[in-house]
Amino acid sequence: MRVAQPVDPAAAWLCPGQGSQYVGMASDWCATSAEARLALVEASDVLGFDLEHLIAAGPPEELADTYNQQPAVLAASVAILRAASSVLPQPAVVAGHSLGEYGALVAAGSLEYADALRLVRERGRLMKLAGERRPGGMAAVIGLADEVVEEVCAELEGVQIANYNSPGQVVIS
């Protein structure tokens, strides 16, 4: 049984969103933590395919497919969170960016890991389907004032603001 660490009011954990994936993510944690490895095994079991191997070995194109990428990023996040929870201060706050919200919900105990895996797998499937039905693209514009990006988009047919990530970072589609 693990002894719970006291909550540190100055600690926060942030879970990454889609696009942060890479072959081998969470590998260092899995090499030293049984809890991290078990999180990836559990993900593979819940989803019915070897997600653990895909995360560890790729191929990168298959990992980058949004259908796989979303559960892979979630699984890697949960693996790291489980391993880190015994060595890092317990956070007062957990948060996530876009897809990372699911990892934050799991970390907060608001959503069961298995349910989150199934949700993001379906989210990835639907996003992939939408992209196939209505092909397009997205790009993050970094370093320009929001107003400048808005003005340029207004002059371009079919280009619009998709998301305001932070001051100076706007996603267009």
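What is the handedness of the crossing of α5 and α6? The crossing of these two helices is right-handed, a term that applies if the near helix is turned clockwise from the far one by less than a right angle, anticlockwise being left-handed. The structure is a predicted model, in which local features need pLDDT of at least 70 and side-chain atom pairs count only at pLDDT 80 or more, while totals for chains, interfaces and linings use all residues. Residues are numbered from 1 along each chain as its sequence is written, and side-chain values use heavy atoms, with hydrogens and water left out.

Helices α5 and α6 (residues 100-107) pack at an angle of about 35°, and their axes are 9 Å apart; here axes are lines fitted to C-alpha atoms, for helices over the stretch in contact, and angles run from 0 to 180 degrees between N-to-C directions. Helices are DSSP runs (H or I, at least four residues) numbered from the N terminus. On the α5 side the contact (heavy atoms within 4.5 Å) is made by L74, V78 and L81, and on the α6 side by Y102, G103, V106 and A107. Of these residues, six are nonpolar, one is polar and none is charged, where Ala, Val, Leu, Ile, Met, Phe, Trp, Tyr, Cys and Pro count as nonpolar, Asp, Glu, Lys and Arg as charged, and the others, Gly among them, as polar.

Helix α5 (residues 66-84) also packs with helix α7 (residues 113-133), at an angle of about 155° and with the axes 7 Å apart. The two helices are therefore roughly antiparallel, the class for angles over 145 degrees, and α5 passes α7 in a right-handed crossing. Among the residues that make this contact are L74, V78 and R82 of α5 and Y113, L117 and V120 of α7. The contact of α5 with α7 comprises ten nonpolar, four polar and five charged residues.

Residue E42, which lies in helix α2 (residues 34-47), is in contact with R82 and Y113, when its neighbours within four places in sequence are left aside. With a relative accessibility of 28%, E42 counts as partly exposed, the class between buried (under 20% relative accessible area) and exposed (over 50%), computed with a 1.4 Å probe on protein chains only.

A search of the whole structure finds zero disulfides, defined as pairs of cysteine sulfur atoms within 2.5 Å. C15 takes part in none, and its nearest cysteine sulfur, that of C30, is 15 Å away. C15 is buried at a relative accessible area of 3%, and C30 also counts as buried, at 11% relative accessibility.

Conventions: Angles under 35 degrees count as roughly parallel, over 145 as roughly antiparallel, 65 to 115 as roughly perpendicular and the rest as oblique.
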